[in-house]
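Hello,

Here is the structure I promised to pass on to you. Have a look at it first, and then read on for what turned up in it.

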Amino acid sequence: MPKIYSNQERDNIRRDLRKAAEQCLARYGVRKTTVDELVRMVNIPKGTFYLFYPSKEHLFLDVLKCFEEEEEERYFGMLQELDENHIVTSLTSIFLSVIMNIYKRGIYRFLEDDQMEIVTRKVPSDERELYSVGKMERLSELFSVFSIDDKEDIENFDSAFRSLFYVLLHDDEIPDMEKALGTLVRGLVLQLVE
């Protein structure tokens with residue numbers, strides 16, 4: 001008979017599984033991460049894993065969703081404290097902070113080869129759709145702060161900012177990557193605020 005967990009225990013296990021998945025993502029990527037490795041790191045029986053997630057892919061999608069929600073909250077909080085006298089410098093600092101957090105937590109690895117495809121292959125299409133729709137709504141909200149409401153402009157800025165994340169995949173080839181990214185981010189911010 002499976003163990004019954006309190007709500008607090010369930011929250012702790014979910015949190016610990018997401019943390020372990022982030023660590024594995026940064027080290028190995030999705031493909032090489034196994035459920036056995038995740039349960040070993042969290043110190044739970046393998047069967048318990050399946051009480052929380054039907055597959056490792058569902059866990060990784062949850063990691064991505066939770067990370068984006070945390071970052072969005074942090075990001076909008078930073079925007080509220082924006083120094084309007086130094087808008088370009090402030091926005092550059094905010095966007096660079098977001099990019100570097102994505103790097104430090106290993107989330108950029110979803111861009112590597114087929115990592116996101118691996119995650120979405122076992123996730124029902126309605127969950128993928130919901131995730132995509134939610135992402136576009138968040139981008140619209142973000143760029144509306146800058147009076148950008150044209151769908152094509154939103155997609156262009158999204159693509160431009162996303163292209164910066166691909167630099168993270170080549171961190172070992174770029175001397176002083178954070179400074180290089182800062183320069184690129186500043187150029188995009190100048191375009192954004194013009």
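A residue is called buried when its relative accessible area is under 20%, exposed when it is over 50%, and partly exposed in between. Arg-15 has a relative accessible area of 44%, so it counts as partly exposed. Please keep in mind that this is a predicted model.

Let's stay with Arg-15 for a moment. Its salt-bridge partner is Asp-16, and the closest N and O atoms of the two are 3.0 Å apart. Asp-16 is partly exposed too, because its relative accessibility is 27%.

How many salt bridges are there? The count comes to eight. Another one of them pairs Asp-62 with Arg-18, with 3.3 Å between the closest N and O atoms. This pair ties together distant parts of the chain, 44 residues apart: Asp-62 sits in helix α4 (residues 56–80) and Arg-18 in helix α1 (residues 7–27). Arg-18 is partly exposed, as its relative accessibility is 22%.

Further along, Asp-176 and Lys-179 form a salt bridge whose closest N and O atoms are 3.8 Å apart. Lys-179 is exposed at 61%, whereas Asp-176 is partly exposed at 44%. Salt bridges with shared partners also join Glu-22, Glu-70 and Arg-105 into one network.

Now for a pair of helices. The axes of α5 (residues 87–104) and α8 (residues 151–168) come within 10 Å and cross at roughly 45°, which makes α5 oblique to α8. Their crossing is right-handed. Phe-95, Ile-99, Ile-102 and Tyr-103 of α5 meet Phe-161, Leu-164, Phe-165 and Leu-168 of α8. By class, this contact has eight nonpolar residues, no polar ones and no charged ones.

Best wishes

Definitions and conventions
Residues numbered from 1 in each chain as written. Predicted model: local features only at pLDDT ≥ 70, side-chain atom pairs only at ≥ 80, totals over all residues. Heavy atoms only, no water. Axes fitted to C-alpha atoms, helices over the stretch in contact; angles between N-to-C directions. Helix = DSSP H or I, 4+ residues; strand = E, 2+ residues; numbered from the N terminus. Parallel < 35°, antiparallel > 145°, perpendicular 65-115°, else oblique. Left-handed = near helix turned anticlockwise from the far one by under 90°. Contact = heavy atoms within 4.5 Å. Nonpolar A, V, L, I, M, F, W, Y, C, P; charged D, E, K, R; others polar. Salt bridge = Lys/Arg side-chain N within 4 Å of Asp/Glu carboxyl O. Buried < 20%, exposed > 50% of the residue type's maximum accessible area, 1.4 Å probe, protein only.
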